[in-house]
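Please open the structure in your viewer and keep the selection tool at hand.

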Amino acid sequence: MSKIINGKEIAQSVKDNLKEKVLQFEKDYGRKITLAVILVGENPASQVYVKNKITATEYVGMKSLSFRLPENATEREVSDLVTSLGADDNVDGILVQLPLPKHLDENKILALIPASKDVDGFLAENVGNLLLGLPTTVACTPFGVLQMLKYEGIELTGKNAVVIGRSNIVGKPMAMLLLKENCTVTICHSKTVNLKGVCKNADILVAAIGKPKFVTADMVKEGAVVIDVGINRTENGLVGDVDFEAVKEIASYISPVPGGVGPMTIAMLLENTYICATKRENK
Ligand code: NAD
């Protein structure tokens, strides 16, 4: 029977810790840390994410600027907004909620965010810094997973870590972070041969696939640490990528969905905003 990692509780402690740092920043620099959030279109999941991000931003005492553009906004309109926020000295972080409507070129728009305000850690410069092991902003979800592991005091050095999923926003940066923590890392993906065998060898198993209950008990080693990044909307509500009920009998630690990685992602967005603001004041 595993210990359930309470992401909600850990995220709360990150936010409460941040509250004090944000207040101190305001005293030191005479201004509020400011995060700008841009939402284009009416995607219902994105609307919920943005609402939660704004609530959390205000909870820690940061200022939140919210921009909503219609579904049919032109690339020029979105680009102009990002560029003007990039040039605005009062703005510390810019978040463009993804996915953007199909007619907009995501990469082109994201590239307009100055690396110093890239609170999502998506830009090539920040991803490159992560690869080089230099200080940077790291994509919020993998950054949150690492904080969960550290909070629980889980030893990482020398451990076999397997990440299922090779996306730019979760799988790849997750693998880099685990490598930096001295894990022996394997990245699996849709073309991996003998996925079950590879996973079965994992001391730390991170699932970021986007398929409900994809990781079954027979893929998990006795005593492994299992982190479920997946968020899948099913008729039975939100479900992760791991068959939680069965895997929790085998793992030593497991993160649930909901209440696991999700809240950590938002907490790390705020941490990244704080990091960006502090760096901008100290450059
Ligand atoms: P993605 O679709 O970009 O990537 C999915 C990855 O899974 C791909 O690399 C693919 O190769 C791999 N994959 C697909 N089928 C596979 C198979 N049969 N075997 C092995 N690998 C397979 O998704 P993403 O953006 O990385 O997100 C993954 C999941 O995490 C989604 O459910 C998403 O909603 C969730 N997510 C959660 C948070 C959070 O805050 N908790 C944040 C981001 C993403």
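How much space lies in the largest cavity? The largest cavity holds about 50 Å³ of space. Please bear in mind throughout that the model is predicted.

**First stop: the cavity**

Select Ile94, Leu95, Val96, Leu110, Ile113, Asp118, Asp120, Phe122 and Leu123, the residues that line the largest cavity. Then colour strand β4, residues 93-96, which provides the largest share of this lining, namely three residues. Colouring by class shows seven nonpolar and two charged residues in the lining, with no polar ones. The structure holds one cavity of 30 Å³ or more. As a general principle, rolling a probe the size of a water molecule over the atoms shows where empty space is left.

**Second stop: the two domains**

Next, select residues 30-115 as domain 1 and residues 140-262 as domain 2, the two domains into which the chain is divided. The C-alpha centres of domain 1 and domain 2 are 29 Å apart.

Now show the helices α1 (7-29), α2 (44-59) and α10, each of which supplies at least two residues of the lining. By class, the lining of this pocket consists of seven nonpolar, five polar and two charged residues.

Which residues come nearest to the ligand? Of the 22 residues around the ligand, they are Arg166, Ser167, Val229, Ile231 and Thr265. The shell comprises 10 nonpolar, 10 polar and two charged residues.

Finally, display the following contacts with nitrogen atoms of the ligand:

- Lysine 211: a polar side-chain atom lies 3.1 Å from a nitrogen atom of the ligand.
- Histidine 189: a polar backbone atom is 3.4 Å from a ligand nitrogen.
- Valine 229: a polar backbone atom is likewise 3.4 Å from a ligand nitrogen.

On its own, the ligand has 860 Å² of accessible area, of which the protein covers 73%.

Notes: Residues numbered from 1 in each chain as written. Predicted model: local features only at pLDDT ≥ 70, side-chain atom pairs only at ≥ 80, totals over all residues. Heavy atoms only, no water. Domains from an automatic or database assignment. Near = heavy atom within 4 Å. Polar contact = N/O pair within 3.5 Å; in protein donor to acceptor, adjacent residues only side chain to side chain. Areas by Shrake-Rupley, 256 points an atom, 1.4 Å probe, with all protein chains shown as cover. Nonpolar A, V, L, I, M, F, W, Y, C, P; charged D, E, K, R; others polar. 1 Å grid on protein atoms, 1.4 Å probe; cavity = no way out; pocket = protein on both sides within 12 Å on 5 of 7 lines; lining within 4 Å. Points joined across faces, edges and corners; volume = space filled by probe spheres on them. Helix = DSSP H or I, 4+ residues; strand = E, 2+ residues; numbered from the N terminus.
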